[in-house]
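This report describes one protein chain, going from its overall form to selected residues. The sequence and structure are shown first.

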Amino acid sequence: MKILKRKKKQVKAIKVNLKRRTVIVDDKLCYHKKVPIPSWIELSIIDACNRDCIFCPKSDSKIAPNTYLKMESPIINKLYKDLKEINFKGSLTLCGYGEPMLHKDIYRLTKKLAEVAFIEIVTNGDTLKPEVINNLYNSDVNKLLISMYDGSHQVKKFKDMIKEAKVPEDFVILRDRWHDENKDYGLKLTNRAGLVDIGIQEKIDLNKKCYYPSYQFLIDWNGDVYLCPQDWHRRMAMGNIMQNSIFEIWTGKIITKYRKSLLNGKRENHPCSNCNAEGTVLGKNHAGAWKEIYKI
């Protein structure tokens, strides 16, 4: 196997998940052509997962079957080009509709995109070994977030693995997700735009604002762009990066329609009309900038 060597300097750990994301999303607002650009992009690089967690649509093969379709080089190269053109300063988070570590070209993919973005990987950890963790670090991944679903015994398992991998401790963030429904599985549960009904769920409020499309979006394995990771229906694409640039999609008619409605507190369009996600925890600076542009 080719020996990988890290080029990026490791960023100091931000232990709390929300605080970490707040620093990335809200600390600095960047513009391109006088328009606020996204600071958080989620990538769904493979449409498959080796688990079937009850709180995830992947647990139902009729709703979200494993197709094993994956993001290929032309899309990675186009994404790289588009992000470089807008001088992207935010985070690319590999998660989306599947388990990113099932993608066979994960090292090459992250090494390429790390040149234009802060790279995070969210994984269930099932494929991890010391060598794999070391290779991810040397592929210039910034953060590796491991969601532990099986129990507290996994903490020692992964800490030992991290030590053997000889990477900085703050490169990896361990997240306890082994709790039962009485503790919402260690998550902030959402209904995934109407596809999941488990645990204690917030009621859908059609008059609730949402900042998601003001600061972020999701890119699927085939280049389709969706409003946010809550949209597991995948029926309303904002565009495709192989047909238009990211900036053209970001400022296009479809996403503008949704962004304006949600800034006005109107969840009137699908899939937003079925979604109970909070949506205003992050992105306040972006939302404010868009309100000025739209004169809302």
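## Burial and overall form

Of the 296 residues in the chain, 55% count as buried. The model is a predicted one. A compact globule of 296 residues would have a radius of gyration near 19 Å, and the chain agrees with this because its own value is 19 Å. The C-alpha trace spans about 55 × 45 × 35 Å along its principal axes.

The secondary structure consists of nine helices and 10 strands. Among contacts in the chain with a separation of 6 or more, 73% are between residues 24 or more positions apart.

## Surface and charge

On the side chains, 52 positive and 35 negative groups are counted. The centres of these two sets lie 6 Å apart.

## Aromatic pairs

Seven aromatic pairs are counted in the chain. One of them joins F55 and Y149: the ring centres are 6.0 Å apart and the planes meet at 40°, so the pair is tilted. F55 belongs to the loop between strand 3 (40-43) and helix 2 (73-85), while Y149 belongs to the loop between strand 6 (143-148) and helix 5 (153-165); the pair therefore ties together parts that are 94 residues apart in sequence. The two partners fall into separate burial classes: F55 counts as buried because its relative accessibility is 8%, whereas Y149, at 23%, counts as partly exposed. The cut-off that matters here is 20% relative accessible area, under which a residue is called buried.

A further pair is formed by W290 and Y294, whose ring centres are 5.4 Å apart with the planes at 25°, so this pair is stacked. Both residues lie in helix 9 (residues 284-294), where they are four residues apart, about one turn of the helix. W290 is buried at a relative accessible area of 3%, and Y294 also counts as buried, at 18% relative accessibility. Ring pairs link W290 and Y294 with F217 and W250 into a cluster.

S245 is placed in the loop between strand 10 (239-240) and helix 7 (246-250). Its relative accessibility is 17%, so S245 counts as buried. With neighbours within four places in sequence left aside, the contacts of S245 are with K78 and D82. The C-alpha atoms of S245 and K81 lie 9.0 Å apart in space, although the two residues are 164 residues apart in sequence.

V141 sits in the loop between helix 4 (130-137) and strand 6. At a relative accessible area of 0%, V141 is buried. From V141 to A117 the C-alpha distance is 9.7 Å, with the two residues 24 residues apart in sequence.

## Backbone geometry

Which residues does a cis peptide bond join? The bond lies between H270 and P271, and its omega is about 10°. P271 is located in the loop between helix 8 (253-263) and helix 9.

N87 is not a glycine, yet its phi is positive, at about 55°. The position of N87 is in the loop between helix 2 and strand 4 (91-94). Its relative accessible area is 47%, so N87 is partly exposed.

A193 is likewise a residue other than glycine with a positive phi, near 60°. It lies in the loop between strand 7 (172-176) and helix 6 (212-215). Is A193 buried or exposed? A relative accessible area of 1% makes A193 buried.

Note on methods:
Residues are numbered from 1 along each chain as its sequence is written. This is a predicted model: local features need pLDDT of at least 70, side-chain atom pairs count only at pLDDT 80 or more; totals for chains, interfaces and linings use all residues. Side-chain values use heavy atoms; hydrogens and water are left out. Helices (H or I, at least four residues) and strands (E, at least two) are DSSP runs, numbered from the N terminus. The radius of gyration is taken over C-alpha atoms; the globule rule is 2.2 Å times the number of residues to the power 0.38. Buried means under 20% relative accessible area, exposed over 50%, partly exposed in between (1.4 Å probe, protein chains only). Contact means heavy atoms within 4.5 Å. Lys and Arg count as positive and Asp and Glu as negative; His and the chain ends are not counted. The place of a charge is taken as NZ of Lys, CZ of Arg, CG of Asp or CD of Glu. Rings of Phe, Tyr and Trp (its six-membered ring) pair if their centres lie within 6.5 Å; planes under 30 degrees apart count as stacked, over 60 as edge-to-face and the rest as tilted.
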